[in-house]
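Colleague: I have not worked with this one before. Please put it on screen and take me through it.

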Amino acid sequence: MATVSEHPEKAAAYIADRSRSRWHDGALWFVRSKRDRMAHSLPEWEQLRSTASQIKAHTIANLPEILQQFEANAKARGVHVHWAADAQEHNEIVLEIVRKQNATRVVKSKSMLTEECHLNPHLEAGGIEVIDTDLGERIVQMRGERPSHIVLPAIHIKKEEVGETFAKYLGTEPGASDPQYLTEAARQHLRSKFLEAEVGITGVNFAIAETGGFVVCTNEGNADLGASLPRVHIACMGIEKLIPRLVDLSVFVRLLARSATGQPITTYTSHFHGPRPGCELHIVLVDNGRSRIRDSDEFRSALGCIRCGACMNTCPVFRRSGGHSYDAVVPGPIGSVLSPAADTKQHRSLPYACSLCGSCTDVCPVKIPLHHQLLTWRQQIAAQGLLPVSKTAAMRAGSMLFQHPRIYALAGALGRRALRWLPKSWVYNRANPWGLDRDLPEPPAESFRSWWQTNRQGTSVDEGMKSKEAKNGK
Amino acid sequence: MRVGLFVPCYIDQMYPDVAVATLELLEGAGLKVEFPAAQTCCGQPMANTGCNDAARPLAARFLDLFDPFDYIVCPSGSCTSMVRNHFSDLVGNDPRLKSIQSRTFELCEFLHDVHPIDFSGNRFPFRVGLHQSCHGLRELRLGGDSEQMIERPDKVRSLLAQVQGLSFVELQRVDECCGFGGTFAVNERAVSVAMGEDRVQDHLDAGAEVMVASDMSCLMHLWGLISRQGSPLAVMHVAQVLAGRSPTVSVKNSIKPKTGNAV
Ligand code: SF4
């Protein structure tokens, strides 16, 4: 049974290093600012978002037909199409294809789906060497970590730390932190891996039903090398990556890079339409819980996510608490929607790792109402009895109090009096998490309702004690 | 015309002057204002925690108490949004709901859209940092936010901009969340405090003397940090500024009720 991991503790541990947390916040805010400039440069930005959201809604509504159309067209182009119901099946299919080649060396470009399915450990257990070729992912892989962000997988690591890692694994000079020097070292290292590899695995950004082709977007060109040098190319995709027509692609490629990194377009936007002569091209279509999300009225639109990461860059919680605090393959706002769908109990704290500021909803290029979905998750988590009793009890007690205005007024008066007279140590201690870092407001002598009675109704009340105010309601 | 004054529970108990200032503004505009004293809380803390069963009776009480009014005005974007955007989750089948939602306004929205008041005779010779509350901005659309490329009138700012002597300082992050978020402030204390400290710092760096917001809940959290740090920054609710209150730089006393300053 899955263990429950709680976001607040992990976040607090990350934030305890305030300078690192600030640095992380600043790095992501920089990306968000670039995104803002890029979005501003397109007068039709909001129209693009609406169009993208409509295309995705249409695709999700008609997913079975669109998938079949894609399969037929891909097969007609000589592509092997595989279907996987879950992560396990996906991993087995991929391992099987690799084994058939008698291959032992695989290069893999960025794919959140393979991350979600934990493909690497599965292949490694089968005796296969898998090398992540995205620079950030390679760094994370060497360090035995997980990506902390879906677009910027190593955003949590400082360049000095990259230098240490490379010194250890690639033999670069100890203490080196010059990005150009380190990148060059990584390039040399990866080049040999590309040349040795027998199978290349990539993700898929968009698959086009009309043509049976698909598109992979990267900034490093690593997917192109991985797909072109080895004889066999396996592309792994979630079934929600479909779009109906080639013209729809123009909407998404304009939104994707701008939202993700503030670039007008990704450096490489590569189209694949069938295998090269004498080579093989496989596509693995994976469900792994997506149909279930599609069946839910509340969360269906989350399948429209194009994994741009903009919601993470803008999220004030993500920026300060770091991606690993979410303990999920996809972190941040969209991850906090998707992860509880996979395992509600394990990820029950994620929908609460949110101040409901709504920035994610407004930044999302496909208009997923992320913060509303997080609120809906809270309702479902409470309804499923997954909230700590302390919380539900407090909410119930509050509700009872607020249903009785007279008791509420009395409790308020007593509370304010207590705040004024109690010794500080009684007010500021562990039992009051608010007061550990924040002062409580100075309690006023009387409440507004008491003031109203004295000044507008002429009846002075002995605050709280002999309150008649409940009777003055409607 | 009857205006029902909707005073959020924490304003009633901890910041009565914000409600008094709101009342002065509305009465100064010649409106007949009533405070249904049986009101308590709209249920937002419960609803935001997901405990709809606990929130439902409070939403139902709200409808009972406020249905008789032509307008319902509230000095909080967050509580207004609760009524307008989230009550349907709780009492969606109540036939009164739609009409009540259309009659419920956040104070600045009311003063901007429904019953404009001229504040150009007011003076407030201070450098103001405007803290845009998230719910005001992104739930009620009291202004345009930095994520969307949509021009919207900035209702809070435009009211304050009428006041003589008031100047705005420009923040680095114009609409970053303060980190209050209701129970979030306690549940995710570390993140909440980090967000709040950054928010305060942005205002200090910009040279603000007074931080003004349309949501006292954000200010309760931010003032808590300001007071703990001993920073030279006062906080005021927009209603207090518009009603002619002065900032008290000794922040601990900035929210003492002062009455009789009708505009
Ligand atoms: S939810 Fe929206 S903003 Fe977040 S990664 Fe997906 S498409 Fe981008």
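Predicted model: local features only at pLDDT ≥ 70, side-chain atom pairs only at ≥ 80, totals over all residues.

**Side chains, chains and contacts**

Colleague: Fine. Which side chain does Arg187(A) meet in a salt bridge?

Modeller: Glu184(A), at 3.1 Å from N to O. A salt bridge here is a side-chain nitrogen of Lys or Arg within 4 Å of a carboxyl oxygen of Asp or Glu. Helices are DSSP runs of H or I with at least four residues, strands are runs of E with at least two, and both are numbered from the N terminus. Glu184(A) is partly exposed, at 34% relative accessible area.

Colleague: Why would two such side chains pair at all?

Modeller: Side chains of opposite charge can pair when their charged atoms come close.

Colleague: How many salt bridges are there over all chains?

Modeller: The rule gives 55. One of them pairs Asp327(A) with Lys10(A), whose closest N and O atoms are 3.7 Å apart. That pair links distant parts of the chain, 317 residues apart: Asp327(A) is in the loop between H15 and helix H16 (332-342), and Lys10(A) is in helix H1 (residues 7-15). Asp327(A) is partly exposed at 27%, and Lys10(A) is partly exposed at 32%.

Colleague: Back up a bit. What does chain A look like overall?

Modeller: Chain A has 22 helices and 10 strands. Its C-alpha atoms fill a box of roughly 95 × 55 × 50 Å along the principal axes. Of the 474 residues in chain A, 57% are buried.

Colleague: And which domains is chain A divided into?

Modeller: Domain 1 covers 7-157 + 198-294 and domain 2 covers 391-456, with bounds that come from an automatic or database domain assignment. Taken over C-alpha atoms, the centres of the two domains are 51 Å apart.

Colleague: Now the interface. How much area is buried between chain B and chain A?

Modeller: About 6800 Å², with carbon and sulfur atoms giving 59% of that. Buried area means the accessible area (1.4 Å probe) that two parts lose on being put together, summed over both. On the chain B side, Gln13(B), Met149(B) and Arg228(B) lose the most area to chain A, together 10% of what that side buries. The contact (heavy atoms within 4.5 Å) takes 78 residues from chain B and 81 residues from chain A.

Colleague: How many salt bridges are counted between chain B and chain A?

Modeller: The count is 13. Among them, Asp439(A) and Arg228(B) meet at 2.7 Å, N to O. Helix H11 (residues 189-205) of chain B gives the most to the side touching chain A, with nine residues.

Colleague: What about Glu27(B) and Arg456(A), how far apart are N and O there?

Modeller: Their salt bridge is 2.5 Å, N to O. Glu27(B) lies in helix H2 (residues 16-28) of chain B and Arg456(A) in helix H22 (residues 448-456) of chain A, so this pair joins two chains. Glu27(B) is partly exposed at 28%, and Arg456(A) is partly exposed at 35%.

Colleague: One more: Arg320(A), buried or exposed?

Modeller: Buried, with a relative accessible area of 2%. Arg320(A) lies in helix H15 (residues 316-321) of chain A. Leaving aside neighbours within four places in sequence, its contacts include Tyr14(A), Asp25(A), Glu176(B) and Asp198(B). Arg320(A) also belongs to a network of salt bridges whose members include Arg18(A), Arg22(A), Arg173(B) and Glu197(B).

How values were computed:
Residues numbered from 1 in each chain as written. Chains lettered and ligands numbered in written order. Heavy atoms only, no water. Buried < 20%, exposed > 50% of the residue type's maximum accessible area, 1.4 Å probe, protein only.
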